[in-house]
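Hi everyone, and thanks for coming. I'd like to walk you through one protein today, going from the overall fold down to a few individual residues.

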Amino acid sequence: MSTQVTLTERAARRIGEILEAEPAGTMLRILVEGGGCSVFQYKFNLDRDHANDDLVLARDGATVLIDPVSVLYMAGAEIDFVDDLIGASFKINNPVASASCGCGTSFSV
C-alpha cells in the first residue's frame with residue numbers, strides 16, 4: 001500500500017482561499033486523533049510551525065502538514081474538498097479506513 005497522501009486541485013484551491021486570510025507562512029495541519037464516533041477522527045488546524053518529520057504537501061499555493069503518526073493512518077489517502085447540496089467540507093478518501101461515520105471526520109481501521 002502506498003504511504004503517499006495526495007491533495008486534489010479542489011482541496012488545494014479551498015485551502016489557498018482559507019490561508020489567504022491568515023498571516024504569511026500559515027499552513028493547514030491535518031491530524032488523526034483518538035475519539036469521534038468511529039474510534040479515530042481527523043482534526044484540522046492552522047499552524048505556522050512545522051516539525052522536521054512532518055509530511056509537507058504543497059500544491060497551488062496551499063501547504064498541508066501531516067505528522068508522521070497521522071500519516072500511518074492516512075497511507076494512500078486523497079484529501080479533497082466537496083461542495084454539494086448538503087454543504088461544503090474537506091473529505092479524506094482513506095483506503096486505510098475500514099468504516100467511517102456519516103459526519104465524514106470519524107473513521108476506524
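So, what are we looking at? The protein has two helices and nine strands. Please keep in mind that this is a predicted model. If you trace the chain along the sequence, the pattern reads β-α-β-β-β-β-α-β-β-β-β.

Now some overall numbers. The protein has 109 residues, and 37% of them are buried. The exposed surface comes to about 6200 Å², with 51% of it supplied by carbon and sulfur atoms. And here is one about the fold: among contacts with a separation of 6 or more, 51% are between residues 24 or more positions apart.

Let's go inside. The largest nonpolar core has 22 residues, and those touching the most other members are I15, I30, V64, I66, M74 and I79. Which elements each supply at least two residues of this core? They are α1, β2 (27-34), β3, β5, β6 (78-84) and β7. The largest share comes from α1, with four residues.

Take V64 as an example. Leaving out neighbours within four places in sequence, V64 is in contact with L7, I15, L28, I30, L55, V56, L57 and I79.

Next, find strand β4, residues 55-59, and strand β5, residues 62-66. These two run antiparallel and are joined by five bridges. Together they make a hairpin, with two residues between the strands.

Now to the aromatic rings. How many aromatic pairs does a search of the whole structure find? There are three. One of them is F44 with F90, a stacked pair at 5.8 Å centre to centre, with 25 degrees between the planes. This pair links distant parts of the chain: F44 is in strand β3 (residues 40-47), F90 is in strand β7 (residues 87-93), and they are 46 residues apart. Are these two buried or exposed? F44 has 29% relative accessibility, so F44 counts as partly exposed. F90 has 17%, so F90 counts as buried.

F90 also pairs with F81, this time edge-to-face, at 5.2 Å centre to centre and 65 degrees between the planes. Both F81 and F90 are buried. Put together, ring pairs link F44, F81 and F90 into a cluster.

Where does T8 sit? You'll find T8 in the loop between β1 (6-7) and α1 (9-20). T8 counts as buried because its relative accessibility is 12%, where the cut-off for buried is under 20%. Setting aside neighbours within four places in sequence, T8 is in contact with R59, E78, I79, D80 and F81.

One last stop, back in strand β7, where we find N93. Its relative accessibility is 28%, so N93 counts as partly exposed. N93 and A77 are 16 residues apart in sequence, yet 5.5 Å apart in space, C-alpha to C-alpha. Not counting residues up to four places away in sequence, N93 touches G76, A77, E78 and D80. E78 and D80 are also among the contacts of T8.

Technical notes
Residues numbered from 1 in each chain as written. Predicted model: local features only at pLDDT ≥ 70, side-chain atom pairs only at ≥ 80, totals over all residues. Heavy atoms only, no water. Pairing = 2+ DSSP bridges. Phe/Tyr/Trp six-rings, centres within 6.5 Å; stacked < 30°, edge-to-face > 60°. Buried < 20%, exposed > 50% of the residue type's maximum accessible area, 1.4 Å probe, protein only. Contact = heavy atoms within 4.5 Å. Areas by Shrake-Rupley, 256 points an atom, 1.4 Å probe, with all protein chains shown as cover. Core = buried A, V, L, I, M, F, W, Y, C linked by side-chain atoms within 4.5 Å.
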